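Please look at the sequence and the model before reading on.

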Amino acid sequence: QVQLVESGGGLVQVGGSLRLSCAASGRTFSTYAMGWFRQALGKEREVVARISSDSGRTLYADSVKGRFTISRDNAKNTVYLQMNALKPEDTALYYCAAASGGIWSRYDYWGQGTQVTVSS
C-alpha cells in the first residue's frame, strides 16, 4: 500500500510557475506508475500527466503539453509536476495517484490534493 501527500500548491498570477511535489510512503514506490490529476470546481476530475515507474514514458493532457513536466525521483519516493505558463483554467485541486499495473492501469492510491489557484 502507498500513502501519498501532495504539497506545493498556492496562489500564482497568470504566466507564473509552481512545482508540485508528492511524497510517497512505502518501499515499493519505484514499482508504481504515478499520475497527476486535477478537479476544478463543478467539473469532473481529469488526468494531467502520467509517468511510468522507471520514468521511461510520460503522457500529458493536450491542455498542458509544453507547459507542464512530470518527473520522479525514486530514491526520494517523490513525484513532481513542474507547471509553467499557468493559465486561469489551470485552477483546480491537484491530486497525485499511484497505479500498480502500469501507466495505463487504474490508479488505486490517491493523495488528499493541493489547491492551485491562478489569478488573472
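**Disulfide and burial**

Cys 96 counts as buried, with a relative accessibility of 0%; buried means under 20% relative accessible area, exposed over 50%, and partly exposed in between, with a 1.4 Å probe and protein chains only. The model is a predicted one, in which local features need pLDDT of at least 70, side-chain atom pairs count only at pLDDT 80 or more, and totals for chains, interfaces and linings use all residues. Residues are numbered from 1 along each chain as its sequence is written, and side-chain values use heavy atoms, with hydrogens and water left out.

- The structure holds 1 disulfide, a term for a pair of cysteine sulfur atoms within 2.5 Å.
- A disulfide is a covalent bond between the sulfur atoms of two cysteines.
- Here the partners are Cys 22 and Cys 96, whose sulfur atoms are 1.9 Å apart.
- Cys 22 lies in strand β3 and Cys 96 in strand β9, so the pair ties together parts that are 74 residues apart in sequence; strands (E, at least two residues) and helices (H or I, at least four) are DSSP runs, numbered from the N terminus.
- The link of Cys 22 and Cys 96 is right-handed, with 45 degrees about the S-S bond.
- Cys 22 is also buried, at a relative accessible area of 0%.

**Aromatic pairs**

- The structure holds 4 aromatic pairs; rings of Phe, Tyr and Trp (its six-membered ring) pair if their centres lie within 6.5 Å, and planes under 30 degrees apart count as stacked, over 60 as edge-to-face and the rest as tilted.
- Tyr 32 and Tyr 109 form an edge-to-face pair, at 6.0 Å centre to centre and 85 degrees between the planes.
- Because Tyr 32 lies in the loop between β3 (18-24) and β4 (33-39) and Tyr 109 in strand β10 (residues 109-110), this pair ties together parts that are 77 residues apart in sequence.
- Tyr 32 is buried at 8% relative accessibility, whereas Tyr 109 is partly exposed at 23%.
- The ring centres of Tyr 95 and Trp 110 are 6.4 Å apart and their planes stand at 80 degrees, so this pair is edge-to-face.
- Tyr 95 in strand β9 (residues 92-99) and Trp 110 in strand β10 are 15 residues apart, and their pair links distant parts of the chain.
- Tyr 95 is buried at 16%, while Trp 110 is partly exposed at 27% relative accessibility.
- Ring pairs join Phe 37, Tyr 95, Tyr 107 and Trp 110 into a cluster.

**Charges over rings**

- Arg 45 lies over the face of Trp 110, 3.9 Å from the ring centre; a charge sits over a ring if NZ of Lys or CZ of Arg is within 6 Å of the ring centre and within 35 degrees of the ring normal.
- Arg 72 lies over the face of Phe 29, at 4.5 Å from the ring centre.

- Ser 52 lies in the loop between β5 (46-51) and β6 (58-60), and is buried at 12% relative accessibility.
- Leaving aside neighbours within four places in sequence, Ser 52 is in contact with Ala 33, Arg 57, Arg 72 and Ile 103, where contact means heavy atoms within 4.5 Å.
- Phe 68 belongs to strand β7 (residues 68-73) and is buried at 3% relative accessibility.
- The C-alpha atoms of Phe 68 and Gln 82 are separated by 5.4 Å, although these residues are 14 residues apart along the chain.
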